[in-house]
Amino acid sequence: MRQGRFELRLVPDWDTVKSIWDDCHRFLLEHGLDQDQAYALSMTAQELLENAVKYGGFTNPSQRVELAITIASREVIIEVRAPAHRDPVKLRKLDESIQWIRGYQSPFEAYVEKLKQVSAQPYAPGESGLGLARIAYEGQCVLDFYVDETDVLAMSAVHHR
Amino acid sequence: MPTTESFTEKTLSIDLTETDERVELVWKGKSNDRDPARFLMPILQNALGRGGNGKKQVVIDFSSLDYMNSSTFSPLVRMLDEAAKGQHRLLLEYNQGRKWQALSFSALKAFETPDGRIALRGK
């Protein structure tokens, strides 16, 4: 696996974030990841970007969502940065979602439990936490986040090799 | 005589074929809409309705699907939950040779019923 870094600054628009799949996938393949790993980590980037567009605290049209994929010797780090939502309850819920996944023996168990929870609820668009559980399970990533001094939420998924 | 219908939303297409024995939905392309339930739920509900609460088997074939985002799983697992509560017979088919499908659909095996009415099959 060759080390490298891939960065994009995107308009927080659904079609824009969908369109970068091929670029992510190509970068990961070119740096020595196999097809399955490249697919899983492209999915991870896509899910994080979708969450940023859906739940980011964008307040003016000049704000962007930033994607960085860093390939190091022993890990791949996918980080998505977007303005944090002003509502502290949203951040607390995000923290709880990540802690909830970590509380399971395996990400598979967490994902199955989340699928069951979603199946039993009446449909309503909104945060289900399914994307994060999927990243932990299918992407085999450890999730984390922080909010920096400029109120930007940086969400990371780290895949250890 | 089979009847067929096609539904398309951006990068996803679903072909529905109904015979005397079964109702089949074949998914192709990518399901990555912001709110895929809006497009999918009427199609899934329609297929379950045509299945006549178990009179016909409903088969959903994902093996030609290239990608589905996590939002796509929401309407799908709700359908599985609803099907399990009735007498519906539902089979989900996926491509075992594609790792993402093998991972995604092995998790959905949690919705299989002991009597085989709700089942998943890798092919």
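Which side chains does a polar contact of 2.4 Å join? Select B:Glu5 and B:Arg50: their side chains are the pair. A polar contact is a pair of N or O atoms within 3.5 Å; within protein, one must be able to donate a hydrogen and the other to accept it, and residues adjacent in sequence count only if both atoms are side-chain atoms.

This is a predicted model, where local features need pLDDT of at least 70 and side-chain atom pairs count only at pLDDT 80 or more, while totals for chains, interfaces and linings use all residues. Residues are numbered from 1 along each chain as its sequence is written, chains are lettered from A and ligands numbered from 1 in the order in which they are written, and side-chain values use heavy atoms, with hydrogens and water left out.

Stay on B:Glu5, in strand E1 (residues 3–9) of chain B; strands are DSSP runs of E, at least two residues, and helices runs of H or I, at least four, numbered from the N terminus. Not counting residues up to four places away in sequence, B:Glu5 touches B:Ile14, B:Asp15, B:Leu16 and B:Arg50, contact being heavy atoms within 4.5 Å.

Next, show both chains. Here 28 residues of chain B are in contact with 27 residues of chain A. On chain B, select B:Arg34, B:Tyr67 and B:Arg78, which supply 27% of the area that chain B buries against chain A. Buried area is the accessible area (1.4 Å probe) that two parts lose on being put together, summed over both. Across this interface the rule finds 12 residue pairs in polar contact, both at pLDDT 80 or more. Finally, select helix H1 (37–51) of chain B, one of the elements that each supply at least two residues of the side touching chain A.
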